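Please open the model in your viewer and get your selection tool ready. We will walk through some charged side chains together.

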There are 2 protein chains.
Amino acid sequence: MTKADGAERRERKSDKTRRRILDAAADLLNRKGFDGTRVSEIATLAELRVPAVYYYFDSREAILEEVVNIGDRLAHENVVRRLKELPPDASALDRICAAFAAHLEMVLTESAYTAAAMRTMGQLPADMRARQLDRQRASGRMWRDLIQTGVEAGEIDPELDPRAARMFLLGAVNWATEWWNPARGSLEEILATAQRLVRNALAGPLATASPGTAAAPPAALTPVFAPPPL
Amino acid sequence: MTKADGAERRERKSDKTRRRILDAAADLLNRKGFDGTRVSEIATLAELRVPAVYYYFDSREAILEEVVNIGDRLAHENVVRRLKELPPDASALDRICAAFAAHLEMVLTESAYTAAAMRTMGQLPADMRARQLDRQRASGRMWRDLIQTGVEAGEIDPELDPRAARMFLLGAVNWATEWWNPARGSLEEILATAQRLVRNALAGPLATASPGTAAAPPAALTPVFAPPPL
DNA sequence: GTCTATAGGTTGATAGAC
DNA sequence: GTCTATCAACCTATAGAC
């Protein structure tokens, strides 16, 4: 335990404040959109005055970009982790369903950051949007490969355009924040419906009608995982 | 031809200006979101100064609410019109696919108003949102009935929750404005993919594998229809 | 690290001339 | 109908005390 170690572990107080600011910004991004998110409101939610916010961040845009950046990263890491948890004999469609379910869970209940990143995409200023697209490259490749593997395994309706199908389904889950109400149905229920829908949509007429095999939801939906460090 | 008739037909000059304002607002709503849409920018796009805008509308919110209102109405009327054009022997799934395709076409190329209405839903102030939900009641009933008819006809995977399936698929098409690029694929192509995806998703294992029947895209996609009067 | 006070710009909206 | 001129309110951001 060197002195450096101790210092690294104990710069917690200011990190907590910084995190409160980001939490507030993520919440507001979801409710008000990019242009509607005001620094003064962030400060109020974080129980601070405006100048304290500027002690931690250079500008309003710097706060919002960090929220979006974290949200994208959390979404990607979570999908990767869930895919690793699958049994090695999982089919390509099993893996695709698990990935969409992981993403949906993130958007709906796990991370306001991810929900904010998805909902504000179209509103970001040009330079921020360019940097986001740059960072999302690995994520985009992952989704493309997931589908491509399914196509090559013959598990996916060959009449579908893979890119359009992928984007439509990602849109379906990203949009869910607009209408999902936990009071109307549990998270488990909506994840099950989403997986069934994704499996049907991609398999198409290739789906076997025998119940309990291809149509059964895959991969146990274990409750929640520890929130990864920001 | 009474004097009233003449007057009604010729109050065009101011109607055209009013329409330019609404067009500008719809465009900005899509690009900047609800809170990001500024009256000064609406005025510039409409080639006016700000006070001229206030000659036509009582407030900024009145402009934006009218855009959303028109967008919702156009989407609903267009789906209804397309459903009427279907042959009487169209299956429930045929009707559902045609409805989603009509909605998607509206969002992507026909109406910036509809795209704006869909994208800003979650950002509207509480009172505006309440009035919108009130106006959307007929539209919501239409979509619910379309799916319900398919369930009762045995054409839809009984393991799907009808409401969640409907909302996921509407989300998929509403989100398409975020990623669709006409340079990467024609409107006809994306409409075909969307219909294939919707049909697969809802039919599930019930889909027959015989090509050209249940899996074939339904209802000719006639190019474009005359823009309805605002 | 957090505050009070404030600078400088933009916004929604109106008054009143033409 | 459309404009110039203007207002109060609010915004992002900073200076400087503690």
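Is Asp134(A) buried, partly exposed or exposed? Select Asp134(A): with a relative accessible area of 45%, this residue is partly exposed (buried means under 20% relative accessible area, exposed over 50%, partly exposed in between, with a 1.4 Å probe and protein chains only). Before moving on, note that this is a predicted model, where local features need pLDDT of at least 70, side-chain atom pairs count only at pLDDT 80 or more, and totals for chains, interfaces and linings use all residues. Residues are numbered from 1 along each chain as its sequence is written, chains are lettered from A and ligands numbered from 1 in the order in which they are written, and side-chain values use heavy atoms, leaving out hydrogens and water.

Asp134(A) and Arg137(A) form a salt bridge, their closest N and O atoms lying 2.9 Å apart (a side-chain nitrogen of Lys or Arg within 4 Å of a carboxyl oxygen of Asp or Glu).

Next, select Glu77(A) and Arg73(A), a salt bridge with closest N and O atoms 3.2 Å apart. They sit four residues apart in helix H5 (residues 60–85) of chain A, so about one helical turn separates them (helices, H or I, at least four residues, are DSSP runs numbered from the N terminus).

Hop to chain B and pick Glu65(B) with Arg135(B), bridged at 3.5 Å between the closest N and O atoms. This pair links helix H5 to helix H8 (residues 126–135) of chain B, 70 residues apart. Glu65(B) is buried at 15%, while Arg135(B) is partly exposed at 33%.

Finally, select Glu65(A), Asp127(A), Arg131(A) and Arg135(A), which a network of salt bridges links.

Notes. Helices (H or I, at least four residues) and strands (E, at least two) are DSSP runs, numbered from the N terminus.
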